[in-house]
Amino acid sequence: MERLNIPAFYQFRLGNLEIIALSDGTVKIPTDKIMLFAQSGETEALLHAAFAKTDYEASINSFLVKLGEKLIIIDTGAGDLMGPGSGHLLESLNAAGYTSEDIDVVLLTHIHGDHSGGLVIDGQLAFPNATLYVNQNDFDYWLSEEQMNRVKPERQKSFRNAMAKVGPWADAGKVKTFTKDEELFPGLFSWAQPGHTLGHTYFVITSGSEKLVVCADIVHVAPIQLANPEIAITLDVDPEAAVIKRKEVLKIAADERFWLAANHISFPGFGHVIKAGAGYQWVSADYSTG
Ligand SMILES: [Zn+2]
């Protein structure tokens, strides 16, 4: 029997709120092939310094938060799109004491397979009682045949995945889009971060004087892109813009010292960034039993 490490859930307190990280699993990132703008030997050196592998195993984290009467899940993992190392979100949700029927709202940071793949499982909407919220720019881009036909064939899969996973939600009339930074629910704000995708969005959650930012794909390979935020990845729709946004937000996060919840930093992905040389260093939240 193949045994996988699936860490399930981790509850984190932000003021009066409980934010639960749910593990979907991991995805391997071939850093020798898909990083952009690095000097020769640089990614190898940064990985070596961080004791990390070339075939970097990035966590896929989702986040669950109850705001008022609404149970909200942020991102849905990879579903059946990326093999046995991922697609474990519902097991993790169950382990945390909830079922998929309990979810009222699904928020997407963006439409990429490792965030939206879990929306449809076995042809059914995976969260049957939920409304899906997504940035209008991502919705318009990834569900457009016209846009799909403009990119190289090897990049068209992301569009097909989007149509297969978000399309049924749209057909069922269960999609709500947002266009600007706004308070979507009491204490939860969208924060547009165009670059990684055109509608890439962070979610800012506040409780009392505390603040946490769900920062989606601010990095895919933390040991490389925190140390040198100028390094991008071929998955970025607009890599130059992704670099600008990453640098901007990391600076604010280090200056203001707010919490981050990162989708691809090792589970559970709660922590802070501090300035370190020309880049940043991740400081994980201390382990707590809750
Ligand atoms: Zn992405």
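The 4 donor atoms around the zinc ion subtend angles of 86 to 172°, so their arrangement is irregular.

Before we go on, a word about the model: it is predicted, so local features need pLDDT of at least 70 and side-chain atom pairs count only at pLDDT 80 or more, while totals for chains, interfaces and linings use all residues. Residues are numbered from 1 along each chain as its sequence is written, and side-chain values use heavy atoms, with hydrogens and water left out.

## The zinc site

Which residues hold the zinc ion as protein donors? They are His-110 through NE2, His-112 through ND1, His-196 through NE2 and Asp-217 through OD, and they lie 2.1 to 2.3 Å from the ion. A donor here is an N, O or S atom within 2.8 Å of the metal (3.2 Å for Na, K and Ca); water is not among the atoms, so sites may look incomplete. Along the sequence, the donor residues follow the spacing H-x1-H-x83-H-x20-D.

Are His-110 and His-112 buried or exposed? His-110 is buried, with a relative accessible area of 0%, and His-112 also counts as buried, at 11%. Buried means under 20% relative accessible area, exposed means over 50%, and partly exposed is in between (1.4 Å probe, protein chains only).

## The chain as a whole

The protein chain has 10 helices and 18 strands. Its radius of gyration is 18 Å, close to the 19 Å that the globule rule gives for 290 residues, so the chain is as compact as a globular protein of that length. That radius is taken over C-alpha atoms, and the rule is 2.2 Å times the number of residues to the power 0.38. Helices (H or I, at least four residues) and strands (E, at least two) are DSSP runs numbered from the N terminus.

Taken along the principal axes, the C-alpha atoms fill a box of roughly 50 × 50 × 45 Å. Of the 290 residues, 51% count as buried. Among contacts with a separation of 6 or more, 69% come from residues 24 or more positions apart; contact means heavy atoms within 4.5 Å.

An unreviewed UniProt entry places the feature "domain: Metallo-beta-lactamase" at residues 59-264. UniProt positions are given in the numbering used here, feature names are shortened, and annotations may be inferred rather than shown by experiment. Over residues 59-264 the chain is 28% helix and 27% strand, and the end C-alpha atoms are 5 Å apart.

## Loops worth a visit

Val-219 sits in the loop between strand S14 (210-214) and helix H9 (222-225). With a relative accessible area of 1%, Val-219 is buried. Leaving aside neighbours within four places in sequence, Val-219 is in contact with Gln-225, Leu-226, Arg-246, His-264 and Ile-265. The C-alpha atoms of Val-219 and Pro-229, 10 residues apart along the chain, are separated by 8.3 Å.

Two other loops hold residues with a positive phi. Phe-37, in the loop between strand S3 (35-36) and helix H2 (42-49), has a phi of about 70° although it is not a glycine. Phe-37 is partly exposed, at 43% relative accessible area. Asp-122, in the loop between strand S7 (120-121) and strand S8 (124-125), has a positive phi of about 50° and is not a glycine either. Asp-122 is exposed, at 72%.

A cis peptide bond runs from Phe-267 to Pro-268, with omega near 5°. Pro-268 lies in the loop between strand S16 (259-261) and strand S17 (270-276).

## Salt bridges

How many salt bridges does a search of the whole structure find? It finds 8, counting a side-chain nitrogen of Lys or Arg within 4 Å of a carboxyl oxygen of Asp or Glu. Here are some of them.

| Pair | N to O distance |
|---|---|
| Lys-33 and Asp-32 | 3.9 Å |
| Glu-146 and Arg-150 | 3.0 Å |
| Lys-245 and Glu-248 | 3.1 Å |

Lys-33 is exposed, at 62% relative accessible area. Glu-146 is exposed at 55%, and its partner Arg-150 is exposed at 58%. Lys-245 and Glu-248 both lie in helix H10 (residues 239-256), 3 residues apart, about one turn of the helix. Glu-248 is partly exposed, at 36%.

Note on methods: Four donors count as tetrahedral if all angles lie between 85 and 135 degrees; four count as square planar and six as octahedral if opposite donors are over 155 degrees apart and all others between 65 and 115; anything else is irregular.
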